[in-house]
Amino acid sequence: MLGYYSSLSSEVYDMDKPVGHSFGDVKFYIDRLSSVHGTILEPATGTGRILIPLLEEGMDVDGFDSSSDMLEICRENCEKRSLTPNLFHAQMESFSLETEYEAIIIPTGTFLLLHERDTSIQALKNFYKHLRNGGKLILDIFLQTEAPVGEVSTRSWECANGDVITLEDKKVDVDYVRQYTISHGRYERWRNGKLIETELERFPLRWYGIEEFKMILGDVGFQNIEISSNYNLGEYPTSPDQIVTFEAVKIKE
């Protein structure tokens, strides 16, 4: 099975990045959204890592994902907490709703999964379309540092029932001209020492330069673009290993 997310990778995501797990972004996004009184949208909401803390803060948040498996886990995580957000299956570049949002957020570099430039720009235009006048887009990217083809990493997770899921991740291609990498991941579920399930994942990931991305946001129509690093508001990045956050506003003349 090839695609952005499979059922094993969704299960691993929920174990590795559980609800509320923060890279510094949970508090940052709560702070940046504290003045928002309307509805917020989180594309690529995953299993609810940030969505649920926002809901628990009393915010009105819709979420969607391209993975049905991710959404199913997210719904279960919400139900455990008696939360009933509007969750739906959609793609960032093509979702179409009547709602105009006060804010749209894409934390932790998830936007970079749109590895084709045209698709990612179409997604930004779609976000702009779905924001009310004065609404803001907040999203994170990270920079490309080293990308050695052939590099392999392995990790494992123990499930509640005693199963072990392993991941072997291998970078197979780097396109320096079109600015993306492609990795292949092999997920395997082991029970009592026996392999019982295997899934393959093709994982493309784009990268942008900081000023390049700021220019793209401006070309889409966003204004008042503010750049932060490592969730320190207004601090321009000084190192390539920092998370970069863009906050931009839709202002129609």
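A crossing of two helices is called right-handed if the near helix is turned clockwise from the far one by less than a right angle, and left-handed if anticlockwise. Keep that in mind for the first view of this predicted model.

**View 1. Helices α1 and α4 cross in a right-handed way.** Here you meet α1, residues 7-16, and α4, residues 68-80, whose axes come within 8 Å and cross at roughly 40°. From α1, the residues taking part are Ser7, Ser10, Glu11, Tyr13 and Asp14, and they meet Asp69, Met70, Ile73 and Asn77 of α4.

**View 2. Seven strands form an open sheet.** Follow the strands in the order β3-β2-β1-β4-β5-β11-β10, and you will find mixed pairing. At the edges stand β3 (87-89) and β10; each has a single partner strand, so one side of each is left without a neighbour in the sheet. Ignoring direction, neighbouring strands are turned by 20° against each other on average. Now look at β4 and β5, which run parallel and are joined by five bridges. As one example to find, isoleucine 106 has leucine 139 in β5 as its bridge partner.

**View 3. Helices α2 and α5 lie across strands of the seven-stranded sheet.** Helix α2 lies across β1, β4, β5, β10 and β11, and runs at about 165° to β5. Helix α5, residues 117-129, lies across β4, β5, β10 and β11, at about 145° to β5. Which residues of α2 are buried? They are Asp25, Val26, Phe28, Tyr29, Ile30 and Leu33. Their cover includes the strands β1 (40-42), β4 (101-106), β5 (131-142), β10 (222-229) and β11 (243-250), together with helix α3 (51-56).

**View 4. Four strands form an open antiparallel sheet.** The order to trace is β6-β7-β8-β9. With a single partner strand each, β6 (152-158) and β9 (194-206) stand at the edges, so one side of each is left without a neighbour in the sheet. From one strand to the next, the twist averages 20°. Between β7 (residues 164-175) and β8 (residues 180-191), which run antiparallel, there are 11 bridges.

**View 5. Residues 1-5 have a pLDDT below 50.** The protein chain has a mean pLDDT of 94, with 97% of its residues at 70 or more. Residues 1-5 still have 19 contacts in the model beyond near neighbours in sequence. Where pLDDT is low, though, the predicted coordinates should not be read in detail.

Conventions
Residues are numbered from 1 along each chain as its sequence is written. This is a predicted model: local features need pLDDT of at least 70, side-chain atom pairs count only at pLDDT 80 or more; totals for chains, interfaces and linings use all residues. Side-chain values use heavy atoms; hydrogens and water are left out. Axes are lines fitted to C-alpha atoms, for helices over the stretch in contact, and angles run from 0 to 180 degrees between N-to-C directions. Helices (H or I, at least four residues) and strands (E, at least two) are DSSP runs, numbered from the N terminus. Contact means heavy atoms within 4.5 Å. pLDDT is the predictor's confidence in each residue, from 0 to 100. Buried means under 20% relative accessible area, exposed over 50%, partly exposed in between (1.4 Å probe, protein chains only). Two strands pair if DSSP finds at least two bridges between them.
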